[in-house]
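Colleague: I am new to this structure and would like to learn how to read its inner spaces and its core. Could you walk me through it?

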Amino acid sequence: MNTAVTLAYISAACAGVVMLIAAFRGWRSIAVWFFCAGMALLAAESVFVGLGTDAAMRDEATRWQQWRLWATSLMPFVWLLFSLSYARGNAREFLRRWRYVLALSLAAPAALSFACPRRLLFTPADDLNGDLQWVFRLQPAGVALEVLCLVGALVVLMNLERTFRAAVGTMRWRIKFTILGLGIVFAVRAYTSSQALLMQRLDPSLVSVNSGALLLGCVLMMRSLFRDVSEVAVFPSNAIFENSLTALIGGIYLVSVGILARLAVWVQSTTSFQTKAFFLLILLVAVTIVALSDRVRLHTRRFISRYFQRPLYDYRTVWRTLTEGTASCVKPTELCQAAATLISQVFEVLTVTVWLVDEKREGLVFAVSTSLSSAAGTALQPPRDEALAI
């Protein structure tokens, strides 16, 4: 059993563990079932990759390759459902708006993988690659399937980015590692799909990169699963994707891997290209985790303010942000939400809660919070013999 097979089985086991933990954590959201289904597909795909890579006969390898493509064809639909419903308070609205895209993401890949015979999707090559593994050449239907998988991965990444951008404070802290882990998985899948399209073949050594990304993503998602995400609910806007960092990050990764490949040829290194790409991925993940840390950003700002004699806050920027964020608010709840979001972002505070005064009952009524989502209508009553102090 070689390294690629071992990595495939380990990543499948990790995906299964993450799926079981998510199922028994008691999430009260339909997104957990989409998540479990998606992780089950990822685990099954890794198992089929391992069985196909370890196969000694061409027919056996071809059969497992077909099973892998069947599992892959269902992923755009399942993970798009998850990305539209995860940590979103208005998930039903997004699912309704995306119903035609969801239907297409299920029908098109499934029709190609289940209806087309093997010879229309791929054909075994006459030779083996450098690692003595079977290589399969893509046919036109197989190319179309890879294009759909590539587009599906990018759309899932964009939806996850929208959810992360809409979250602030504690809500962002709770979902950060889940979104980062899935972002790694689908960014690498977009890369491997693009390479398969460029080379017009399904190389097991390249597909094994997906197993490494899945293993790394499971480690990050495991960290997030032990945080309480049952009450997380953000409300992204319905606007079309604008100013998305998905394309930028994906472009940087692809360019970096391309440069790495050129350097490997130039220096005639004996280390495998997949190993270098995997270590580069780990480095990018570490940098991204540091960049997304609220504490790191706060300490960086304090360091610059203290040692470079720069103000910690620019009142012009804060005032402009406050004006732009509250100008269109006509309801008290909208104004409270805008104020809580601004305070959390400016002061790098994870939890900001706004209570409104109920003059009739002489108490406080919950309005909004960056860490709570199901406490609407909760009232805080003072003792009867004490006056309300404001």
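Modeller: Gladly! Let us start with cavities: on a 1 Å grid over the protein atoms alone, a cavity is a set of points where a 1.4 Å probe fits but cannot get out, and lining residues have an atom within 4 Å of a point. Grid points are joined across faces, edges and corners, and a volume is the space filled by probe spheres set on the points. The model here is predicted, so local features need pLDDT of at least 70 and side-chain atom pairs pLDDT 80 or more, while totals for chains, interfaces and linings use all residues. Residues are numbered from 1 along each chain as its sequence is written, and side-chain values use heavy atoms, without hydrogens or water.

Colleague: How much space lies in the largest cavity?

Modeller: About 250 Å³. Its lining has 23 residues, with T72, E146, R189, T192 and S193 closest to the centre. Helix α8 contributes the most, six residues. Helices are DSSP runs of H or I with at least four residues, strands are E runs of at least two, and both are numbered from the N terminus.

Colleague: Which classes of residue make up the lining of the largest cavity?

Modeller: There are 12 nonpolar, five polar and six charged residues. Here Ala, Val, Leu, Ile, Met, Phe, Trp, Tyr, Cys and Pro count as nonpolar, Asp, Glu, Lys and Arg as charged, and the others, Gly among them, as polar.

Colleague: And which residues lie nearest the centre of the second largest cavity?

Modeller: V49, G52, T53, Q65 and P204, out of 13 lining residues. This cavity holds about 100 Å³.

Colleague: How do I read a nonpolar core?

Modeller: In soluble globular proteins, nonpolar side chains tend to be buried together. A nonpolar core is a set of buried Ala, Val, Leu, Ile, Met, Phe, Trp, Tyr and Cys residues joined through side-chain atoms within 4.5 Å. Buried means under 20% relative accessible area, with a 1.4 Å probe and protein chains only. In this model the largest core has 46 residues, and F35, M39, W79, F82 and F186 touch the most other members. Helix α2 gives the most to this core, nine residues.

Colleague: Is S46 buried or exposed?

Modeller: S46 is buried, because its relative accessible area is 4%. It sits in helix α2, residues 31-53. The side chains of S46 and S11 make a polar contact of 3.4 Å; such a contact is a pair of N or O atoms within 3.5 Å, where, within protein, one must be able to donate a hydrogen and the other to accept it, and residues adjacent in sequence count only if both atoms are side-chain atoms.

Conventions:
Buried means under 20% relative accessible area, exposed over 50%, partly exposed in between (1.4 Å probe, protein chains only). On a 1 Å grid over the protein atoms alone, a cavity is a set of points where a 1.4 Å probe fits but cannot get out, and a pocket is an open set with protein on both sides within 12 Å along at least five of seven lines; lining residues have an atom within 4 Å of a point.
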